[in-house]
Amino acid sequence: ATRLVVDVRRTSGGSYEGGLTLARLFVPNGTLATREPRSGQPEKITAGTGDGSVTMPVVLLIDNGTSGAAELFASALVGNKRATDMIGERTIGRAGEQKLVKLPDGSGLWLTTTKYLTPGGTPLHEKGLEPTVAVDVPDVEFGQPEPTSDAILEKALERLTEKKAA
């Protein structure tokens with residue numbers, strides 16, 4: 001293989017550390033993200049010695065189901081110019097650690113305790129990532145069949161073919 005297509009669409013699970021560990025495979029140096037706790041000093045998370053073993057050009061597939069660790073991973077690759085394109089739809093912007101706080105009346109409150117920033121310092125939480133190549137994906141009504149084609153993947157393959165020819 002000479003190029004990679006990494007699909008993080010509809011990926012919302014996993015730990016933030018897992019997303020950063022995966023990003024370290026692709027990013028040899030630089031800031032991966034900034035962890036900004038509600039109380040305390042922001043902490044820059046950087047690539048280290050031995051990181052960046054995967055050197056092939058990368059294209060990322062994203063959508064409005066991409067969140068959490070997958071958003072952190074995508075942000076690290078784009079922010080360090082390791083992904084040539086992010087193709088698809090804007091991500092959801094859920095890159096924050098939360099804690100359930102029990103209230104005196106027995107109810108609870110989800111409190112965001114830590115937010116993440118992109119390598120460039122832009123808030124990722126509640127903002128999301130904008131694709132470099134936007135693709136409109138038709139909404140499918142409940143109970144209707146899924147489309148037989150994948151517009152985002154097709155656009156990624158088209159871009160890769162164009163770049164190979166150039």
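Read along the sequence, this chain follows the pattern β-α-β-β-β-α-β-β-β-β-α. That gives three helices and eight strands, and since you will be looking at the coordinates as you read, please keep in mind that this is a predicted model. Along its principal axes, the C-alpha trace spans about 60 × 50 × 20 Å. The chain has 166 residues, of which 37% count as buried. Among contacts with a separation of 6 or more, 69% come from residues 24 or more positions apart.

Four strands form an open sheet in the order E3-E2-E7-E6, with antiparallel pairing. E3 and E6 are the edge strands, each pairing on one side only. From one strand to the next, the twist averages 25°.

Strand E3 covers residues 43-46 and is joined to E2 by four bridges, the two running antiparallel. To find this pairing on your screen, look for Arg35, whose bridge partner in E3 is Glu43. E2 and E3 form a hairpin with five residues between them. In that turn sits Gly40, with a positive phi of about 120°.

The next step goes from E2 to E7. E2 takes in residues 31-37 and E7 takes in residues 108-117; four bridges join these antiparallel strands. Here Pro37 can be your landmark, as its bridge partner in E7 is Thr114.

Moving on from E7, you come to strand E6, residues 96-102. Seven bridges join E6 to E7, again antiparallel. Thr114 turns up here too, as the bridge partner in E7 of Glu97. E6 and E7 make a hairpin with five residues between them, and Gly106 in its turn has a positive phi of about 95°.

Leu100 is 13 residues from Thr113 along the chain, and their C-alpha atoms are separated by 9.9 Å.

With the strands in place, turn to the helices. Helix H1 lies across E2, E3, E6 and E7, and runs at about 160° to E2. How does H1 pack with H2? H1 (residues 16-26) and H2 (residues 69-79) pack at an angle of about 25°, with their axes 8 Å apart. That angle makes H1 roughly parallel to H2, because angles under 35 degrees count as roughly parallel. H1 passes H2 in a right-handed crossing.

Which residues meet where these helices pack? From H1 come Tyr16, Gly19, Leu20, Leu22, Ala23 and Phe26, and they meet Ala69, Leu72, Phe73, Ala76 and Leu77 of H2. The residues of this contact divide into 10 nonpolar, one polar and no charged.

Finally, look at H2 by itself. This helix is mostly covered, with nine of its 11 residues buried. Those buried in H2 are Ala69, Ala70, Glu71, Leu72, Phe73, Ala74, Ser75, Ala76 and Leu77. What covers the buried residues of H2? The cover includes helix H1 together with strands E1 (4-7), E2, E4 (58-62), E5 (83-88) and E7. Just after H2, Lys81 takes a positive phi of about 55°.

Key
Residues numbered from 1 in each chain as written. Predicted model: local features only at pLDDT ≥ 70, side-chain atom pairs only at ≥ 80, totals over all residues. Heavy atoms only, no water. Pairing = 2+ DSSP bridges. Axes fitted to C-alpha atoms, helices over the stretch in contact; angles between N-to-C directions. Parallel < 35°, antiparallel > 145°, perpendicular 65-115°, else oblique. Left-handed = near helix turned anticlockwise from the far one by under 90°. Contact = heavy atoms within 4.5 Å. Nonpolar A, V, L, I, M, F, W, Y, C, P; charged D, E, K, R; others polar. Buried < 20%, exposed > 50% of the residue type's maximum accessible area, 1.4 Å probe, protein only.
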